[in-house]
Amino acid sequence: MKVSTGFKGIAVMTDDKSIMSSTEEDVENIGILHIDPALESYKDHFKYRLKRYVDQKKLIEEHEGGLDEFAQGYLKFGFNREEGAIVYREWAPAAQEAQIIGDFNGWNGSNHQMEKNQFGVWSVKIPDAGGNPAIPHNSRVKFRFKHSDGVWVDRIPAWIKYATVDPTRFAAPYDGVYWDPPLPERYQFKYPRPPKPKAPRIYEAHVGMSSSEPFINSYREFADDILPRIRANNYNTVQLMAVMEHSYYASFGYHVTNFFAVSSRSGTPEDLKYLIDKAHSLGLQVLMDVIHSHASNNVTDGLNGFDVGQSSQDSYFHTGDRGYHKLWDSRLFNYANWEVLRFLLSNLRWWLEEFKFDGFRFDGVTSMLYHHHGINVAFSGDYNEYFSEATDVDAVVYLMLANCLIHSILPDATVIAEDVSGMPGLGRPVSEGGVGFDYRLAMAIPDKWIDYLKNKKDDEWSMKEISWSLTNRRYTEKCVSYAESHDQAIVGDKTIAFFLMDEEMYSGMSCLTDASPTIERGIALHKMIHFITMALGGEGYLNFMGNEFGHPEWIDFPREGNGWSYEKCRRQWNLVDTDHLRYKFMNAFDRAMNLLDDKFSFLASTKQIVSSTNDEDKVIVFERGDLVFVFNFHPENTYEGYKVGCDSPGKYRVALDSDAWEFGGHGRVGHDVDHFTSPEGIPGVPETNFNNRPNSLKVLSPPRTCVVYYRVEENQEGNSNNNLVGAEETFATADVAKVPDGLSASIESEHINLDGVEEALAAADAVVEKIPDALVSTENEDSNLDSMEKTLAAAAGDVAEILEETTSVESEVVRDKLEDADN
C-alpha cells in the first residue's frame, strides 16, 4: 500500500544562500569572547562555527518545521500506528528493493514490498487484520533489502525499539522486535521528575553487573535492591551505563548496535521505565550514558548493516578512514548528513520523553570534536590545539544542536561531556558561542591519582601538585570530578583500594583483628583521596558502583579468555553488609561526604580558596563555601595547635572527621571542642594576613586524616553540632556515633581485640545503657554503637565461632589469588 511520507527530507546540508543568510548580529555577539579575552584571536573560528549552527537551524526550520519537530523522527520512522494500520519507514537510499519480514508473514516479504521516495526513504502500510495489528506485539521483524550488486540482506530496522537474541544459541544474531504493548501492559509513570540538584552527586552504575551473584541483573532487581543503597549513601543522581542495546556485552555498552532499543539482557522497555520511576520516587535524577560518538561495526545486528558501500551522503557514516575509528574498531557518523542529524537528535528526545531520563553523559566527546579523534595527541592547553583545521566543525554543530534541543525539551536537564582535551567553551551556553554542556568530566584527576599510587612514595607526594591538578579547570565551566570511574576498574587495571591494599584485602579486612599498617594506610588514603577529589576537584562528583566501599579486584566481563565467566562481573555487596569487615568504614565515610554537601552545598559554591599547600608538613588547607578543610597526608606527623587560615571570624566546630571511629579511624580529634578565630594582620590587606586569610584558628591534625570545620552561627550557640550535621537523618557524620571516651579506654584500639573482648563488652554495656533513647532508636542500622554492641556481644558469646565465620566469609570473597590480580 502506498504511504504518504508527510515530511520533507534533505540528504545533506546544502548551501542555499536564501536560507543560510545569517544576520551579522547572530554571529558577531559571541559572549564567550568576553569571558575569556584570550579567545579573541580565534574569533573567526567561533564566527564560522556559530554561523554553521545558525544556518543549520534555519534549514531545519524551513524544511522540517523546527528543531523540536525534526527531533520527533521516531513518530515517522520505524514502526508506527497510523489510521488502522502499522506504517514502517526506513531511510536506505542505497537499497534497490526492500521488504518487511518477520514472524507475522512467515519471513516472506513478497506481499510486503516497500516503496521508495525521492529522499531514499522506504515505506509500507500494513492494514490491521480483524481489528488487530497485523504485526503482533513482541514478535520478531527485520528489514530485507537488495543492494546494487543484487544481493538481498536482512537487517534489524534502524529505529527498532527492542531487540532480542536467542539465549540458547551461542553467538546468535539479534532480531528486531515490534514493541507495542497493549495499554494494561504499558508502564505508567507515577512520580514526577525530582528537582534538579544544586550540584550532582552521581552514582555511576551498570545494571547488568549490579547483582552479587554471577549473572546479569535485571532493571527491576536493580530498582528494588540497588537504588535504595544509592539513596542511603546520599547520592542525588544515578548515571546508567549500557542502556542502549549492544550485541557484545563485554563492550561495557559502548559499541551500540540499536540506538532506540533498551538493552534486552536486563529486561523490557517497561522494566526500564519502572527503574526510572522508582529512582524518581527516591528523589534521584537519572542520567543516561549516551553514545553518539561512534557505532558498533557489527553488520548483522547494528546500524553498520545499512552501509553497503554507498557514498557518505547516502550513509549514516563517513566513507574510508574518516568513517572508521582504528582504536575502537567502530564506525564514525557523518554529522553533516540530514538524516543522521534527524536520527541522533530524535534519539535524544526519545530517551527523554519516552523513558523520562533527566539528562545525559555524552561518551567519547573528544573523538567527536577533532578529526584526529584525540589519538596520539597530548593536549597541552595551547588554544591552537582546539581551534584549527583539526576541529570537526560538523560534530561541534551537532553537539550545539543537541544541547539546544535537550534544554528546550527539559530546561532542568543535566548534560555532561566526557572530554579529555579541555576545549574552551565546551561548558558554556550555545547562546554565548559555546557547545552547551552543563558539565565536563574532570578526566585528568584519576590519571594523577593512579600516577601517585603507582610511582610515588608517600613522602614524595606533592601537596602543590595535588592541589593544582584538582583546581586546574576553566573559570565558569563546571566540572564533575571523580577519583575513579568504571575505566579504572576494568581488567588489567586496579581500583584505588586495590592499589592501596592489594593482597592484604584478601586477609586483613576483619575488624576482629588489628589492622595491619597496609590496611590502616589504605583505608585512610582511600577516604582522603575520594574526599579531596570531591571537595576541591569540581562542581559535581561521581563514583562508580562499589568503589564507595573499596570493592576489591577488577571487572572482567564474560569472554573467551576467562571461560565466559561472570565471577568478576558482579558487585559483592556482602562485603559492605558484613558488619565485622572493614569495608563498612569506607562506605560510611562516602555516605558522610555526600551528606556534608547535602547540608552545606559546598559543591555548588563558587567560593574555593586554597590557602596552604605545605609540602614539608604534607598538609593542604582550603575553604569551599562556608567550610574549612584540613587534609594531612603526612604518614606520621600529628600537628597540635596547627594554624589554619579562614575567611570569617567566629567559633568553629568539627563537621566531618575521617578519623572518627565509625570511619575506621582512631577518634583522636575532639568533636566537642570550640575553635575560636584570631584576627590576622590588617583587614582588607591580604599580604598582612596569615596565608592571605584575614582570620585563623588552631586545630589538631593527626596523620592521614581530613577534618572539616563549620562556623557556628549565633542562633546555633545552644545547639549541639549533632543537630547541625544531621544526627536524626543518618549515622554518617563524625558526631553521630562517636565512641565515648569511657569505651575507648576499655578498648586498646578502634578495632575489637579478642584478647580483652569480655572486659570490653562489660564497658560497652555500661555505656550503651546511658545512651539517650533517641540515639539508640535511630533509623540507621549501621550506627557504630549498634554494630559495636552486636559485635562485642557475639564475640563474648563465642569468639571461636566468629573467627570461623570470618574465615569462611573472607575465603568466599577473596578466593582468587594475588597472582590473578597481577595478571
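User: How many helices and strands does the chain have?
Analyst: Happy to start there. The model is predicted, and its chain holds 823 residues, 60% of them buried. Its accessible surface comes to about 31,500 Å², with 48% of that belonging to carbon and sulfur atoms. As for helices and strands, the chain has 23 helices and 31 strands.

User: Is Ile620 buried or exposed?
Analyst: Ile620 lies in strand 24, residues 619–624. Beyond its neighbours within four places in sequence, Ile620 is in contact with residues including Met463, Ile466, Ile532, Phe629 and Phe631. Its relative accessibility is 0%, so Ile620 counts as buried.

User: Which residue of strand 14 is the bridge partner of Val238?
Analyst: Strand 11 and strand 14 run parallel and are joined by 4 bridges. In strand 14, the bridge partner of Val238 is Val286.

User: What is the relative accessible area of Gln239?
Analyst: Gln239 is found in strand 11, residues 237–241. Not counting residues up to four places away in sequence, Gln239 touches Ile202, Tyr203, Glu204, Ala205, Leu287, Asp289, Arg361 and Leu542. Gln239 is buried, and its relative accessible area is 1%.

User: Why is one side of strand 15 left without a neighbour in its sheet?
Analyst: The sheet is open and antiparallel, with 3 strands in the order 15-17-16. Strand 15 (295–296) and strand 16 (324–325) stand at the edges, so one side of each is left without a neighbour in the sheet. The reason is that each of them has a single partner strand.

User: Which residue of strand 17 stands opposite His325?
Analyst: Strand 16 is joined to strand 17 (residues 330–331) by 2 bridges, and the two run antiparallel. In strand 17, the residue opposite His325 is Ser330.

User: Is the pair of Tyr249 and Phe557 stacked or edge-to-face?
Analyst: A search of the whole structure finds 60 aromatic pairs. In the pair of Tyr249 and Phe557, the ring centres are 4.9 Å apart and the planes stand at 90°, so the pair is edge-to-face.

User: How many residues apart are Tyr249 and Phe557?
Analyst: Tyr249 counts as buried at 8% relative accessibility, and Phe557 counts as buried at 6%. Tyr249 is in the loop between strand 12 and strand 13, while Phe557 is in the loop between strand 22 and helix 15. The pair links distant parts of the chain, 308 residues apart.

User: What is the angle between the ring planes of Phe631 and Phe633?
Analyst: Phe631 and Phe633 are both buried. They form a stacked aromatic pair, 6.3 Å centre to centre, and the angle between their planes is 15°.

User: Which lysine lies over the face of Trp350?
Analyst: The distance to the ring centre of Trp350 is 5.3 Å. The residue over that face is Lys161.

User: How many residues are in the largest nonpolar core?
Analyst: Those with the most contacts inside this core are Leu240, Tyr316, Trp351, Phe362, Tyr398 and Phe531. Leaving aside its neighbours within four places in sequence, Tyr316 is in contact with residues including Trp91, Trp159, Phe306 and Phe343. Apart from this core lies another, of 15 residues, among them Val669 and Leu697. The number of residues in the largest nonpolar core is 195.

How values were computed. Residues are numbered from 1 along each chain as its sequence is written. This is a predicted model: local features need pLDDT of at least 70, side-chain atom pairs count only at pLDDT 80 or more; totals for chains, interfaces and linings use all residues. Side-chain values use heavy atoms; hydrogens and water are left out. Two strands pair if DSSP finds at least two bridges between them. Rings of Phe, Tyr and Trp (its six-membered ring) pair if their centres lie within 6.5 Å; planes under 30 degrees apart count as stacked, over 60 as edge-to-face and the rest as tilted. Buried means under 20% relative accessible area, exposed over 50%, partly exposed in between (1.4 Å probe, protein chains only). A charge sits over a ring if NZ of Lys or CZ of Arg is within 6 Å of the ring centre and within 35 degrees of the ring normal. Accessible areas come from the Shrake-Rupley method with a 1.4 Å probe; for residues, only the protein chains shown count as cover. Contact means heavy atoms within 4.5 Å. A nonpolar core is a set of buried Ala, Val, Leu, Ile, Met, Phe, Trp, Tyr and Cys residues joined through side-chain atoms within 4.5 Å.
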